[in-house]
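These notebook entries set out what I looked up in the structure shown below.

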Amino acid sequence: MPLIPLVQCLEEAEKGGYGVGAFNVNNMEQLQGIMKAAREMNSPVIVQASRGALRYTNFVYLKHLVQAAVEDNPDIPVVLHLDHGDSLDTVKTAIDLGFTSVMIDGSHLPFEENVALTKEVVDYAHRFGVSVEAELGTLGGIEEDIAGEVQLTDPDQAEEFVKRTGCDALAVAIGTSHGAYKFKAEPKLEIDLVQEIYDRVKIPLVLHGASSVPPELAERINKYGGNIVGSFGVPIPSIQQAIARGVRKINVDTDTRMAMTGAVRQHLAEKPDTIDPREFMGAAREAVYEVVKSRMEAFGSAGHAGDYKPLTLADMIERYNR
Ligand SMILES: [Zn+2]
């Protein structure tokens, strides 16, 4: 099936009571690892690219990599999503490239400016049937050069924000954090806040900074010369509690990065005579597959690929115009 809009994916997830992992991509092996997991788990999947990824892949490569993934996996529903779009211009570029969903991140702006920017993007994207994720509240950690104070999402503001912007999904700050160095100890998510926000906005919620940073991934990196110390991620059971209360999209980037890094380090350390990138990149691909597979099981999306009827952006345009 062709790429599907995020709205469809999150509505199906709502019906099925599961969450869908949104995995960042920057290169072929990473994407192949993700798609192998989706195929074996028979799971829908959200593939997302940040501005940094688009710069790295030179835009057109990413577009065609994802097209290849879709062509190679005709039975898997795939959303192509822009992660952390910063302006209408970036959103336009993504839509031109064929993205079926975009995020506009105005969370660092004052409330009224966030509303205005998000509304502008929603009005534009919906003309093309493209879904829009917005963000209210700020996470800790660093992503796309944005670092800021933690500010949990306020349910009253969230309700007003969603009403005024018409966004399709809302990223919320409930105690998660971006990057590999999330927390100095195991974090506690504000699970009740998820429920409160969801009851008010009644649209699917998104969890950013939700990698779990499993100790075994850090240990593998460190065993072969790396230095990742004192890092804790978001425990899987906490994410599952959030899913039970309305979170439908869970962003995972750090975990696949760590998996690739550990696999490459181990391979090169154990086979110092290797000069064939296929060997260590192949190992990295396998490591991505393992992580993504376990997330699809944990989030509950495994087994649900067959639930999806083809829904095109044209169908969505009609729906938005109703
Ligand atoms: Zn994020």
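**Entry 1: burial and overall form**

I first looked up burial and noted that 51% of the 322 residues of the protein chain count as buried. I took a residue as buried if 20 or more other C-beta atoms lie within 10 Å of its own, as exposed if 12 or fewer do, and as partly exposed in between, with C-beta atoms placed from the backbone. The model is a predicted one, in which local features need pLDDT of at least 70, side-chain atom pairs count only at pLDDT 80 or more, and totals for chains, interfaces and linings use all residues. Residues are numbered from 1 along each chain as its sequence is written.

I then listed the secondary structure: the protein chain has 13 helices and ten strands. Helices (H or I, at least four residues) and strands (E, at least two) are DSSP runs, numbered from the N terminus. The protein chain has a radius of gyration of 19 Å, close to the 20 Å that the globule rule gives for 322 residues, so it is as compact as a globular protein of that length. The radius is taken over C-alpha atoms, and the rule is 2.2 Å times the number of residues to the power 0.38. Along the principal axes, the C-alpha atoms fill a box of roughly 60 × 40 × 35 Å.

I also looked up contacts, which require C-beta atoms, placed from the backbone, within 7 Å. Among contacts between residues at least 6 apart in sequence, 76% join residues at least 24 apart.

**Entry 2: the barrel**

In what order do the strands of the closed barrel run? I found eight strands with parallel pairing, in the order 1-2-3-4-5-8-9-10. Two strands pair if DSSP finds at least two bridges between them. Neighbouring strands of this sheet are turned by 25° against each other on average, direction ignored. For such angles, axes are lines fitted to C-alpha atoms, for helices over the stretch in contact, and the values run from 0 to 180 degrees between N-to-C directions.

Helix 1 (residues 6–16) packs on the sheet; among the strands it touches are strand 1 (20–24), strand 2 (45–50) and strand 10 (247–252). The direction of helix 1 makes about 120° with that of strand 10. Its buried residues are L6, V7, Q8, C9, L10, E12 and A13. I noted that G17, which follows helix 1, has a positive phi, near 70°.

**Entry 3**

I followed the pairing from strand 3 (residues 78–85), which runs parallel to strand 4 (residues 101–104) and is joined to it by three bridges. H81 stands opposite S101. Strand 4 is joined by four bridges to strand 5 (residues 131–136), again in parallel; here V102 faces V132 and I104 faces A134. Four bridges also link strand 5 to the parallel strand 8, with L136 opposite V172.

I next checked the side-chain directions. S101 and M103 point one way from strand 4, V102 and I104 the other way, and all are buried. In strand 5, S131, E133 and E135 point one way and V132, A134 and L136 the other, and all are buried.

The largest nonpolar core has 99 residues, and I34, V47, V78, V102 and L170 have the most contacts inside it. Such a core is a set of buried Ala, Val, Leu, Ile, Met, Phe, Trp, Tyr and Cys residues joined through C-beta atoms within 7 Å. Helix 12 (residues 277–299) gives the most to this core, with ten residues.

Lastly, I placed T93 in helix 5. T93 is partly exposed, because 17 other C-beta atoms lie within 10 Å.

Notes. Contact = placed C-beta atoms within 7 Å.
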